[in-house]
Amino acid sequence: QAKSRGRNGFQFYSPEMDGEGVERLRVEALLRRAIERGEIFLHYQPQVEIGSQRLIGVEALVRWHNPELGLVSPVRFVPMAEDSGFINQLGEWVLFEACRQMRRWDEAGLAVPKMAVNLSVRQVERGAMTAQVAQVLAETGLAPRRLQLEVTESVIMNTGDALAFVHQLHAIGVGLAIDDFGTGYSSLAYLKQLPVDVLKIDRSFIKDIAVDSNDEAIAIAIIQLGKSMNLAVIAEGVENEEQAAFLLRHGCTRAQGYLYGQPVAPGELLEQWTERQHERHQHARRGT
Ligand code: C2E
Ligand code: MG
Ligand code: MG
Ligand code: MG
């Protein structure tokens, strides 16, 4: 079976061992079973306003805990799901689960303004994405403006139907963020025509922001670009106060990163933020 083929559990699926079609079927079967067995789940990472540390949203990040392989990173299994075509089912599951979770937090009294969900190029390419989003919103009762989809620049640039997709999303009121911004090859002229809401500065530029003058220059350029195009800018991968201070100083007011919270299970997010929101309300009432 799939286990114990050396330290790399996925070696089993290398194309040399069998035809690619067989490999695809195996990966698909494995991931499908993983969903059925509850091995696939979502963690949520807070997005905050830097100054006030207010919660402005969360990003849903998919996780796979396999009994034999342990915790498998999405960096490994999302591309596998993309190659096998299973990403469409996986993506639909993620979208449903993330939207359902918003309703659970609503009911538990935690105000999470926005849910960000990652889409892969295969999902957008397929063309039925807008209908799927509309259906999920209808079934979960989540307000469209509380959902934000994240796509990378390459999704926008390399998908024939991306333009139509982005306009349809905008029409139903769902937000769009460009993920890992700065690492792709977006034509700014093209981007300007799109109803995009958010640019997320890739964390590779944030990492050495205080020491590398090139990264500094890029981050500042993206912040300025966002300003002039009237887009919100969220910095990814903010890990320390120095980075946060730099961002604030240059007009980037939103961030996501370990400084504000790791991706966590929904119950943990509830625990961490209910208290803070409660305190905030009390301060507001007392005027402190
Ligand atoms: P991403 O969308 O750019 O997500 C941000 C990644 O950065 C996450 O990694 C997150 O855990 C990590 N991160 C956040 N803050 C920090 C920080 O302060 N420092 C460092 N070093 N890392 C930080 P993760 O969860 O491993 O996800 C990796 C990528 O996998 C995501 O990058 C996204 O491209 C993809 N992915 C995750 N979930 C999904 C999904 O549901 N669907 C699709 N299509 N892709 C997904
Ligand atoms: Mg993302
Ligand atoms: Mg990103
Ligand atoms: Mg990334």
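S6 and S7 pair in the parallel sense over three bridges. Pairing here requires that DSSP find at least two bridges between two strands. The model is predicted: local features need pLDDT of at least 70, side-chain atom pairs count only at pLDDT 80 or more, and totals for chains, interfaces and linings use all residues. Residues are numbered from 1 along each chain as its sequence is written, chains are lettered from A and ligands numbered from 1 in written order, and side-chain values use heavy atoms, without hydrogens and water.

Start with the sheet contacts around S7. Strands and helices are DSSP runs numbered from the N terminus, with at least two residues (E) for a strand and at least four (H or I) for a helix. S7 spans residues 198-201. Ala 177 has Val 198 of S7 as its bridge partner. On the next pairing, S7 and S8 run parallel and are joined by four bridges. S7 is covered on both faces. Val 198 and Lys 200 lie on one side, Leu 199 and Ile 201 on the other, and all are buried. Buried means under 20% relative accessible area, exposed means over 50%, and partly exposed lies in between, with a 1.4 Å probe and protein chains only.

Now move to S4 and its partners. S4 covers residues 115-118 and runs parallel to S2, with three bridges joining them. Ala 60 has Val 117 as its bridge partner in S4. S4 also pairs with S5, again in the parallel sense, over four bridges. In that pairing, Asn 118 stands opposite Glu 150 of S5.

S5 also holds Gln 148. This residue counts as buried, at 6% relative accessibility. Beyond residues up to four places away in sequence, Gln 148 touches several others, including Met 115, Val 117, Ala 177 and Val 198. A contact means heavy atoms within 4.5 Å.

Two magnesium ions come next. Which residues coordinate the magnesium ion (ligand 2)? Glu 59 (OE), Asn 118 (OD1), Glu 150 (OE) and Asp 179 (OD) do, at 2.0 to 2.2 Å. Donors are N, O and S atoms within 2.8 Å of the metal (3.2 Å for Na, K and Ca); water is not among the atoms, so sites may look incomplete. The donor residues of ligand 2 are spaced E-x58-N-x31-E-x28-D in sequence. Glu 150 sits in strand S5 and Asp 179 in strand S6, so this pair ties together parts that are 29 residues apart in sequence. Both Glu 150 and Asp 179 are buried.

Asp 179 bridges ligand 3 and ligand 2, and the two magnesium ions lie 4.0 Å apart. The relative accessible area of Asp 179 is 7%. Asp 180 counts as partly exposed, at 24% relative accessibility.

The backbone at Asp 180 deserves a look. Its phi is positive, about 50°, although Asp 180 is not a glycine. Asp 180 belongs to strand S6, residues 175-181. Asn 230 also has a positive phi, about 65°, and is not a glycine. Asn 230 lies in the loop between helix H10 (213-228) and strand S8 (232-235). It is exposed, with a relative accessible area of 70%.

Finally, turn to open space. Rolling a probe the size of a water molecule over the atoms shows where empty space is left. The largest pocket holds about 1100 Å³. Of its 37 lining residues, the closest to the centre are Glu 59, Leu 61, Pro 74, Asn 118 and Asp 179. A pocket is an open set of points, on a 1 Å grid over the protein atoms alone, where a 1.4 Å probe fits, with protein on both sides within 12 Å along at least five of seven lines; lining residues have an atom within 4 Å of a point. Grid points are joined across faces, edges and corners, and the volume is the space filled by probe spheres set on them.

Several elements each supply at least two residues of this lining, among them strand S1 (40-49), strand S2 (55-66), helix H3 (87-108), strand S5 (147-152) and S6. By class, the lining has 17 nonpolar, ten polar and ten charged residues. Nonpolar covers Ala, Val, Leu, Ile, Met, Phe, Trp, Tyr, Cys and Pro; charged covers Asp, Glu, Lys and Arg; the others, Gly among them, count as polar.
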